Amino acid sequence: MDGGRNIASVDKRLKILTQTEIDELYAAPIFSAEDRDFFFDMDENEQRAFESRKTYPAQLYFVLLLGYFRRKPIVLSELPKQYREDLDFISVKYFKGKPVPRKNITSTERFRIYDKILDVYGLNKFDKSQQKDAFTFVSRTAATSVEPRYLFDELFMYLSTKKIALPAYSSLQTIISKAIAAENERTSIMLRTILSKSLKERLNTILTSEDSKALLTTIKKLPKDFTHREMSKEIEVFNFIEEIYPDVEKAIKQLVLSNSNIEHYALLVDFYSPTKLKRFAPEISSLYLVSYIYKRYAKMNECFTIAMLYHINKFASDAKSYGKSQAYEALSGMREKVKKAGPIMKLVVNGTVKKHDYFEVFLNKALDILPEQDIFLIGDYLVNEVIDEKKYQWEFIDQNLSKIKKSIRSLFKCLTFSDRDGDTFAIREIVKAQEQLITDGNLSDFNQQFIKKNIRPYIIDKDDSGATRIDYDRAEWWLYTKLASLINERQVNISASLTYKRFEDNLLNDERWTRKQQLRENSNLESMKADEKVFVPAKVTVLKDKLTFVSKRVMEGQNTTMVYADRDGQTTWTIKRKPNAPEVNNPFFEVMPQIHIGDVLGVTQRETNFTLALTHIHAKPNAKNKPELNLSNAIACIVGNGARYGIFQMARLCSIPYDQLRNTQMGYLSLENLRNAHDIVSDAIAALPIFKHYNIQENLLHASADAQKFESRVSTIRVRYSSKYLGRGKGLAGLSLSANHVPVNAKLMALNEHESHHMFDLLYNNNSSIQPDMVSTDNHGTNQCNFALLDLSGWQFAPRYAQVRKVLKDLFKVSKDGVLELRIAIKTKIILDGWDLIQRIILSLHSKELSQATICKQLSSSKSNSKLFKSLIEYDRLIKAIYMLDYVDSEELRDYVQRALNRGEAYHQIQRTIEAVNGNKFRAGNDDQLDIWYECARFLATAIIYFNSCLLSNLMDIYEKRGDLDMVERIKTFSPVAWININLNGIYSFSSHGEHVNLADLVKEMTQRVAA
């Protein structure tokens, strides 16, 4: 958008797809001999349409255009270069080699043929009526998201569902551009009236410079970690935003903006400087700032909640460790202490202390023998025969009260708490305590009933008169631990946060859900359109049939990989496992001369033009005079970040000055740009002839998802310590989705996050043309809802379980006669009763109102929410049972799953190699930079995979022309995940752009070495 114009104005046609993607959709197909046999064959319906054409040229071109249409269901504006060869083939196949007419058919006749083809397949032409309906659909969808690519994908699916022939790309561009303009016009009109004068003034203040630095710059600065210093800075920002948040929230609600659009507008504030934002039209800057503040406030609440829980858990863990160590120390010396207690007891009876002596004499003599604390310790031990660890835990709390208050109290005072069940006792006590701390600075009144009975002796004392006295410092600590428990169980919510608010608040709102029938029909999901009373019972029938079939095969000895296992007198079934072997560094690549990584990126740019995606962050979308990207600088930045050098150190290693690299990184290497560039390269790999031979299963794209741990030298909000994975180090986890060797999507997450919470998000947000049908994971990718969510969204979930026996035992039992049965019957009624909620969850996910991580976090952390999700959990069990029966019955499926996981592991190995170039650790300064470094590393890996795939494609072509089919079949099995032929170190020079690397010459040299 251009800030100098009205918000409603947009470029006539937005750039949506890359040229590679446009060619993939619209370029005329090129057929091999094998393709001609398949696509120029006709069934009975097609044959009848063929015979209806009366002339030889019309019949000839009918078969030609029909074959092209079967390959790509579009109306071609021009024929491919080799169409005469295709006509010759058709002539031989259907007309006994009759000469092909020199003159082409007229455009009128061509359109008549296309009309007939559309009629054969029951498709509608994209006429004015269809165009109007499509615009209405896209306009409605734009209320969900104004991202052009999202709208294009939704429109593409809409046309497919409505059986409308795909129109020209320019027609789709026009519809989407007009729909976005209409949404912007709606927003523009409302913004002029709904913003209060005071809010406009405060928004202007945010952009105004103060001491040469705009307030917005301070607001945009995120905390590095959970330390008191960083949190104090964040609280200062919070206090400012909190004053205007009610007006901001009101404006957002009046604008009726979706979460996706709020996120989209908010991100633009990160892209633009305060100076640039001030130059925009008032409506634009206001929209961006209101959206940004709304999201920033939610992120601050999220940050404060996570930080508070982190500190509470840390102090609680340290107190527990302290209690154990002190109790052990006390117990280890107990024997000697008890020996010393003997003389104290003798003082009473041996006459050492006379009856008329004061008690102080006795006490002093006793204390000479044992210290006071040891006497109490022995007394407790003699009474209870155990050492009270909790006493020491509270002792630790007393010793660290100042730290606890400093770390937790300020965060606690910022948050607003609520209860999903309304005004409960717990919420009243929490809010009352919060008000006391805000007003008085300390607790002065605390309801004893809020303290668990077994905890009260440590917090409540009685004086000599019998009156109770509360230790308010200890009560405050108890309040924090109780609050943490309630938050983790989702019994207490933080309404303004991202993931700790009520689950229902994440779904499509009630007003939109009144149109659920329309939402279902427009969803393009068969599971949402189907009648649940037919859909669900059909799934149950599939399960019952598979139970019978699988049992029979095992009992008859047809399934030789299944084995019986007897434990505790019970018979269960399990399967034999095969070892895995990642496919990396095929020996074939050893015969290659090493190519430097800079040249690999240069060749990749030459072949894919990925820099089309690296547009300047502040440039207008279709501006004529855009800032020009320096390719050498871009490659240096990508290599520097990906190899963990950073651009400062890369400037010292190559001949490019640091300021040039810094300007390139700040101007071009946004996370969005890098991901778009990656999609271009991914799509280029998919277009190579070798790609289809990477398929694990025929006509089905099988992907895998897995997480990989990375160390970080710096601390950020997401960076965590993990003794399990990183020893004493700290770091993050990179979760990647790999399909046919290509990491089509990836994201960084904190080590305390569960990778299974992100399966749907990885699949749904994959914008490449490589779209998986099935995804496999290991145990870490499984949970209580992934089977359900992915099945209902059109994907097959195929995990590999480490303990198959346990999974089978949980789901099934074996009867006395060896028949496999469900341990607990599927409760169809529960699924049907909760189907409305299931649909609302799925449609919320697909409308970008909800992330899968939100569902999974709530589902896994709350007993009460398990009741809320019981229908989803039951449907998940149904789909899981069907899959497990397929898994144990099919050795072929198990092999597919293992191979997919091997490929994910192979990608991890190439990532390890890249990160090892400079010490294996991230050195980026904040979370945004960490994302960019990780994305650069993924881009390097994919560029290497592209380079190797190009070599294999060219090599396969050479051997096909030679007629060496055995070698061709061998090449089809080679993995492109290899780095033995890539030089990642050495002298970094990025000026050549790989111009001296000729793929044809390289392949020729490889064939000569192989022959030798």
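D37 lies in helix α2 (residues 33-39); helices are DSSP runs of H or I with at least four residues, numbered from the N terminus. The model is predicted: local features need pLDDT of at least 70, side-chain atom pairs count only at pLDDT 80 or more, and totals for chains, interfaces and linings use all residues. Residues are numbered from 1 along each chain as its sequence is written, and side-chain values use heavy atoms, with hydrogens and water left out.

D37 is partly exposed, at 47% relative accessibility. Here buried means under 20% relative accessible area, exposed means over 50%, and partly exposed falls in between (1.4 Å probe, protein chains only). Accessible areas come from the Shrake-Rupley method with a 1.4 Å probe, and for residues only the protein chains shown count as cover. D37 belongs to a patch of negative charge on the surface, together with E34, D41, D43 and E44. Patches are built from residues with over 30% relative accessible area and no salt bridge, with like charges joined within 9 Å. Asp and Glu count as negative, Lys and Arg as positive, while His and the chain ends are not counted. The place of a charge is taken as CG of Asp, CD of Glu, NZ of Lys or CZ of Arg.

Salt bridges form the next group. A salt bridge is a side-chain nitrogen of Lys or Arg within 4 Å of a carboxyl oxygen of Asp or Glu. By this rule the count comes to 40 salt bridges. R36, E85 and D86 are linked in a network of such bridges.

R515 pairs with E511, and the closest N and O atoms are 2.9 Å apart. R515 is partly exposed at 34% relative accessibility. E511 is also partly exposed, with a relative accessible area of 49%. K516 and D836 meet through their side chains in a salt bridge of 2.6 Å, N to O. K516 sits in helix α25 (residues 516-521) and D836 in helix α38 (residues 835-846), so the pair ties together parts that are 320 residues apart in sequence. K516 has a relative accessible area of 33% and is partly exposed. D836 is partly exposed as well, at 32%.

E935 is buried, with a relative accessible area of 1%. R938 is likewise buried, at 1% relative accessibility.

R644 is buried, with a relative accessible area of 0%. Its side chain joins that of E915 in a polar contact of 3.3 Å. A polar contact is a pair of N or O atoms within 3.5 Å; within protein, one must be able to donate a hydrogen and the other to accept it, and residues adjacent in sequence count only if both atoms are side-chain atoms. Phi of R644 is near 70°, a positive value in a residue other than glycine. Most residues other than glycine have a negative phi.

V256 also has a positive phi, near 55°, and is not glycine. V256 is placed in the loop between α12 (228-255) and α13 (259-271). V256 is exposed, at 56% relative accessibility.

N630 is in the loop between α28 (597-608) and α29. The side chain of N630 reaches the backbone nitrogen of N633 at 3.0 Å. N630 is partly exposed at 37% relative accessibility. N630 and L661 are 31 residues apart in sequence, and 9.7 Å separates them in space, C-alpha to C-alpha. T439 is found in helix α21 (residues 425-439). The side chain of T439 reaches the backbone oxygen of E435 at 2.9 Å. T439 is exposed, with a relative accessible area of 64%.

L885 and L543 are 342 residues apart in sequence and 8.4 Å apart in space, C-alpha to C-alpha. L885 is found in helix α41 (residues 870-889). L885 is buried, with a relative accessible area of 0%.

Terms used. Helix = DSSP H or I, 4+ residues; strand = E, 2+ residues; numbered from the N terminus. Patch = residues over 30% accessible without salt bridge, like charges linked within 9 Å, V, L, I, M, F, W, Y side chains within 5 Å.
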